[in-house]
Amino acid sequence: VISHVDLISGVRQVSFDSEEAAFNDWRSERSVSCGADLGVESQSEFVSNYLDGRKSINGIVWNRVSLDSSLGVDGNGSGDADGRVQGKEEEKGAIDQGG
């Protein structure tokens, strides 16, 4: 499962079942972005730079999500039941509180 996540709010906006579906979403975001580098547009570039890399477009990132966290089971700190993605500060607080 791949999630389209807003970096500002941390909210998972939509999920995709395949790299191809996420790539099509990335192409849509890229086409309306003023700041996107309009160079190569390939699925392999998307996977290496956005899905497995750290790039974003319009404050949107695409992340691989384990099945547990996509269902709201927060087994690894990547998501919780309301679809939010935990940031480092939230994760640290959970550890400090024994979570």
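Biologist: Hi! What sort of model is this, and how are residues numbered?

Modeller: It is a predicted model, where local features need pLDDT of at least 70, side-chain atom pairs count only at pLDDT 80 or more, and totals for chains, interfaces and linings use all residues. Residues are numbered from 1 along each chain as its sequence is written, and side-chain values use heavy atoms, with hydrogens and water left out.

Biologist: Okay, let's start with the sheet. What is the strand order?

Modeller: The order is β2-β1-β3, in an open sheet of 3 strands with antiparallel pairing. Strands here are DSSP runs of E with at least two residues, helices are runs of H or I with at least four residues, and both are numbered from the N terminus. Two strands pair if DSSP finds at least two bridges between them.

Biologist: Which strands stand at the edges?

Modeller: β2 (12-16) and β3 do. Each has a single partner strand, so one side of each is left without a neighbour in the sheet. From one strand to the next, the twist averages 25 degrees.

Biologist: What holds paired strands together in general?

Modeller: Strands of a sheet pair through backbone hydrogen bonds, either parallel or antiparallel.

Biologist: And how many bridges does β1 make with β3?

Modeller: Strand β1 (residues 2-6) pairs with β3 over 5 bridges, in the antiparallel sense. To see this in the structure, look for Ser3, whose bridge partner in β3 is Asn63, and for His4, which stands opposite Trp62 in β3.

Biologist: What about β1 and β2, how many bridges there?

Modeller: 4 bridges join those two, and they run antiparallel. Val5 stands opposite Arg12 in β2. The two strands form a hairpin with 5 residues between them, and Gly10 in the turn has a positive phi of about 75 degrees.

Biologist: Is β1 covered or open, and how many of its residues are buried?

Modeller: β1 is mostly covered, with 5 of its 5 residues buried. Buried means under 20% relative accessible area, exposed means over 50%, and partly exposed is in between (1.4 Å probe, protein chains only). Ile2, His4 and Asp6 point one way from β1, while Ser3 and Val5 point the other way.

Biologist: Switching topic: what does Ile60 touch?

Modeller: Leaving aside neighbours within four places in sequence, Ile60 is in contact (heavy atoms within 4.5 Å) with His4, Val5, Asp6, Gln13 and Glu29. Ile60 sits in strand β3 (residues 60-64), and at 5% relative accessibility Ile60 counts as buried. Glu29 is 31 residues from Ile60 in sequence, yet their C-alpha atoms are 8.5 Å apart.

Biologist: Now the helices! At what angle do α1 and α2 pack?

Modeller: Helix α1 (residues 19-31) and helix α2 (residues 43-51) pack at about 85 degrees, with their axes 10 Å apart. Axes are lines fitted to C-alpha atoms, for helices over the stretch in contact, and angles run from 0 to 180 degrees between N-to-C directions. The two helices are therefore roughly perpendicular to each other (65 to 115 degrees; under 35 is roughly parallel, over 145 roughly antiparallel and the rest oblique).

Biologist: Which residues make that contact?

Modeller: From α1 they are Glu19, Glu20, Ala22, Phe23 and Trp26, and from α2 they are Gln43, Glu45, Phe46, Val47, Tyr50 and Leu51.

Biologist: Where do the helices lie on the sheet?

Modeller: α1 lies across β1, β2 and β3, at about 175 degrees to β3. α2 lies across β1 and β3, at about 95 degrees to β3.

Biologist: Last one: how many aromatic pairs are there?

Modeller: A search of the whole structure finds 7. Rings of Phe, Tyr and Trp (its six-membered ring) pair if their centres lie within 6.5 Å; planes under 30 degrees apart count as stacked, over 60 as edge-to-face and the rest as tilted. Trp26 and Phe46 form a tilted pair, 5.5 Å centre to centre with 40 degrees between the planes.

Biologist: Why does that pair tie together parts that are apart in sequence?

Modeller: Trp26 lies in helix α1 and Phe46 in helix α2, so the pair ties together parts that are 20 residues apart in sequence.
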